[in-house]
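This report describes selected local features of one protein model. Please consult the sequence and the coordinates alongside the text.

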Amino acid sequence: MATPALGNDRLDRLTDYPFTRLANLLNGLTPRANVEPVVMSIGEPQHTPPALIDETLRTTAHLWGKYPPVAGTPDFRAAVGDWLARRYQLPSGLFDPEVSVLPVAGTREALYLTAVLAVPERKAGQTPAVLMPNPFYAVYEGAGLLAGGEPVFLPATRETGFLPDLDALTPELLERTALFYLCTPANPQGAAADAAYLARAITLARQYGFVLAVDECYAEIYLDTPPVGALEVASSLPWAVSPWDNILVFHSLSKRSNAAGLRSGFVAGDPALIRRFNRLRSYSNAGTPLPLLSVATALWRDEAHVEENRAAYRAKFAAAEEALQGRFGYVRPAGGFFLWLDVGDGEDAARRLWTEGAIRVLPGAYLTRTNGDGPNAGAPYIRVALVHDTATVAQGTAALVRILDR
């Protein structure tokens, strides 16, 4: 008789992580000889990290011997507060970083823990719902399910402007909603919520008593106009206890500063939620090492490297657009650094691109789930990350078109 699996059986309800699925899909397939592989499947920036990182580490090495406080340092919190006020034009004195900011080990860890923070045993006498766009960042689903909630996938298609249709949410669903993950600019489509959309989401969160977790980690990579943010919108809305009631926003240095290995970001918003988040992380996380926190503080205070970063991405999108010429349903994104391309069959396209061009992309089906018995809305798509230098992006997208457009 087979031995039953040990541990949390909710894990068995999750599919493999998207990159594990991609590795399995391409296992045993060999690219053509003499072709240099180009990995465009993962959103790992390839730009040179700012020199500020090494410069700061050299002056803070004496701090490696100290345990880091989970809440970070006053200097870090002040730097984040100043940046938020500057970036989102928050009214002077309205945002208090001492009670509304917490450093985190990148947004993945924080987004996962948000479900532990937000999902109760029952909501409205039912299994709590955890809402998320479809397609979505895989951590949303894993966090919601493992926290005991029911992931509810909200279509974010071309027809809905690549964001969930808030007017399609029924009162019955909203009553049992504990948490709503919203990504803007969206991963992978790059759509950015406008102020009216965010105001509606915030109002629903307050009306129905759920946490609105706004993942804004791509907000500093935009092509034309800086995307609005949830705190920016909330600052002009009515509130009961705090201007940030029911809201948590998440930012990271991984994309903004090309520092994925730093594993540094922050969560900000509702002081009551931040206080509980701090308590949760005291049990679950060792805190960001003080030298790395000093680096993060310096990076949030510097805009020059971010402006250079944006200019580089604009050049890469221009190169990709030149190659695509509107093929595969390409839509110029408001933010982020992904192409979301309708190629008919994402898995087949991923295999062909790898074997014929040594180009690694991610099938859209690995970022989406079916709704009921219908087809997987992401199955026709691939996600392509424009993280390499402009020349590599130009060559890679040109090769993608040659391989798939025949």
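## Basis and conventions

A residue is called buried at under 20% relative accessible area, exposed at over 50%, and partly exposed in between, with a 1.4 Å probe and protein chains only. By that criterion Phe328, with a relative accessible area of 15%, is buried.

The model is predicted: local features need pLDDT of at least 70, side-chain atom pairs count only at pLDDT 80 or more, and totals for chains, interfaces and linings use all residues. Residues are numbered from 1 along each chain as its sequence is written, and side-chain values use heavy atoms, leaving out hydrogens and water. Helices (H or I, at least four residues) and strands (E, at least two) are DSSP runs numbered from the N terminus.

## Backbone exceptions

Phe328 has a positive phi of about 60° although it is not a glycine, and it lies in the loop between helix H13 (304-324) and strand E9. Gln89, another non-glycine residue, has a positive phi of about 50°. The loop that holds Gln89 runs between helix H3 (74-87) and H4; at 66% relative accessibility, Gln89 is exposed.

A cis peptide bond with omega of about 20° links Asn134 to Pro135. Pro135 belongs to the loop between strand E3 (129-134) and H6. A cis peptide bond also joins Thr184 and Pro185, with omega of about -5°; Pro185 is situated in the loop between strand E5 (177-183) and helix H8 (195-208).

## Cysteines

A disulfide is a covalent bond between the sulfur atoms of two cysteines; the criterion applied here is a pair of cysteine sulfur atoms within 2.5 Å. The whole structure contains 0 disulfides. Cys183 takes part in none, and the nearest cysteine sulfur, that of Cys217, is 5.7 Å away. That separation is too far for a bond. Cys183 is buried, with a relative accessible area of 4%, and Cys217 is buried at 11%.

Contact denotes heavy atoms within 4.5 Å. Ile221 is in the loop between strand E6 (211-215) and helix H9 (230-234) and is buried at 2% relative accessibility. Leaving aside residues up to four places away in sequence, Ile221 touches Lys255, Arg310, Tyr313, Ala334, Gly335, Gly336 and Phe337. The C-alpha atoms of Ile221 and Lys255 are 7.7 Å apart, although 34 residues separate the two along the chain.

Ser100, in helix H4 (residues 97-100), is buried with a relative accessible area of 1%.

Two strands pair if DSSP finds at least two bridges between them. An open sheet of 3 strands has the order E9-E12-E11, with antiparallel pairing. Strand E9 (338-342) and strand E11 (362-363) stand at the edges with a single partner strand each, so one side of each has no neighbour in the sheet.

E11 and strand E12 (residues 381-385) are joined by 2 bridges, and Pro363 stands opposite Ile382 in E12.

## The largest pocket

A pocket is an open set of points on a 1 Å grid over the protein atoms alone, where a 1.4 Å probe fits and protein lies on both sides within 12 Å along at least five of seven lines; lining residues have an atom within 4 Å of a point. The lining of the largest pocket comprises 25 residues, and Ile42, Gly43, Arg108, Tyr137 and Lys255 lie nearest its centre. Helix H1 (18-26), helix H5 (106-118), helix H6 (138-146) and helix H10 (253-256) are the elements giving two or more residues to this lining. H5 supplies the largest share, 3 residues.
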